[in-house]
Amino acid sequence: MSKFWSPFVKDLVPYVPGEQPKLTKLVKLNTNENPYGPSPKAIAAMQAELNDDLRLYPDPNSDRLKQAVAEYYGVQSNQVFVGNGSDEVLAHAFHGLFQQDKPLLFPDISYSFYPVYCGLYGIAHETIALDEQFQIRVEDYARPNGGIIFPNPNAPTGCLLTLAAIERLLTANADSVVLVDEAYIDFGGESAIALVNKYPNLLVSQTLSKSRSLAGLRVGIAVGHADLIEALERVKNSFNSYPLDRMAIAGAAAAFADKEYFAHTCQQVISSREQTVAGLQQLGFTVLPSAANFVFASHPQKDAATLAAGLREQGVIVRHFKQARIAQYLRISIGTPEQNQALLDALSTL
Ligand SMILES: *Cc1c(COP(=O)(O)O)cnc(C)c1O
């Protein structure tokens, strides 16, 4: 703490990201990165941007990328927002849409960045408990609110909410923005973007960090009614005019255009997930049904924190959260078949 700080800074509780170890030999299954590289076409598009034009600012509106996303999802460009990672997109949504008189609602078990943004922007919030099976029950959100946000599939559980349930939530909360954070939707869910023209209160965010293997590039998007997008544009243009650089715009647009590579790598992750689930079950783990590129597993006899430490000693890192309700679970990202086998081999010794 320093006397030079703005007073509110001393009360901030920042997000703690999963470890990015400097050692390269580790089997890194802790931050849900994609084990496969980005589309070769995306890499080529980025390389083509490495030239003298870098002396020029990028397109402040990232029109090329918005167009690619609009085409991909069959919406208009003015229904698309893009940002420097979906974390930034979410930040602008909290700032521009959720600073309301009534509290924001989100699940008790969900993305731990949400309460951090509430702290940063002074947004009151209430958490709604997941049911016994760790599922979101939309009926539990029938209470006064200034907005609702949840990941779908949820993180860190991996559990998917159906579009029918999301429609019930949108209808029951027509005066609030419902933000569906689809960071993992491509690994087994159906995007709610199909509903944006029917529900003016629906905003859907996605990231290129997981299913499109571009975590290092930092690109996220949001799709919704043009009025919601305009709020995000206003906040963004009051914060940073050029959040996406030239490489990010080109690479992300090319990644959306390469549907074949995308479908292939997602399918590989999905089949590895099913194999990993079977392997974990054979070792006695209970695994929640996952529609994401990670699984959430617990063992009836073995302590999760001890397992995480034991794995680490064998060079395998997974994520363990201390939050009471999930303290006996491990969140394990799906890696290559070799990495998943290394995980199972290490667990079988613990
Ligand atoms: C990974 C993740 C994000 C953030 O993605 P970035 O685009 O890399 O910032 C957002 N929401 C959830 C639930 C995530 O797991």
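Predicted model: local features only at pLDDT ≥ 70, side-chain atom pairs only at ≥ 80, totals over all residues.
Residues are numbered from 1 along each chain as its sequence is written. Local features need pLDDT of at least 70, side-chain atom pairs count only at pLDDT 80 or more, totals for chains, interfaces and linings use all residues, and side-chain values use heavy atoms, without hydrogens and water.

**Exercise 1. How many disulfides are there?**

Step 1. Take the rule: a disulfide is a pair of cysteine sulfur atoms within 2.5 Å.
Step 2. Check C266. Its sulfur lies 19 Å from the closest cysteine sulfur, in C159, so the gap is too far for a bond.
Step 3. Count: zero disulfides.
Step 4. C266 is buried at 5%, and C118 is buried at 3%.

**Exercise 2. In what order do the three strands of the open sheet lie?**

Step 1. Strands are DSSP runs of E, at least two residues, and helices are runs of H or I, at least four, numbered from the N terminus. Two strands pair if DSSP finds at least two bridges between them.
Step 2. The order is β9-β10-β12, with antiparallel pairing.
Step 3. β9 (286-287) and β12 (330-333) are the edge strands, each pairing on one side only.
Step 4. Four bridges join β10 (residues 294-298) to β12. Among the residues, F296 has R331 in β12 as its bridge partner.

**Exercise 3. Which element gives the most to the lining of the largest pocket?**

Step 1. A pocket is an open set of points on a 1 Å grid over the protein atoms alone, where a 1.4 Å probe fits, with protein on both sides within 12 Å along at least five of seven lines; lining residues have an atom within 4 Å of a point.
Step 2. The lining holds 41 residues, with Y15, P17, D87, Y111 and R319 nearest the centre.
Step 3. α3 (86-97), β3 (104-107) and α4 (113-121) each give two or more residues.
Step 4. α3 gives the most, with three residues.

Technical notes. Buried < 20%, exposed > 50% of the residue type's maximum accessible area, 1.4 Å probe, protein only.
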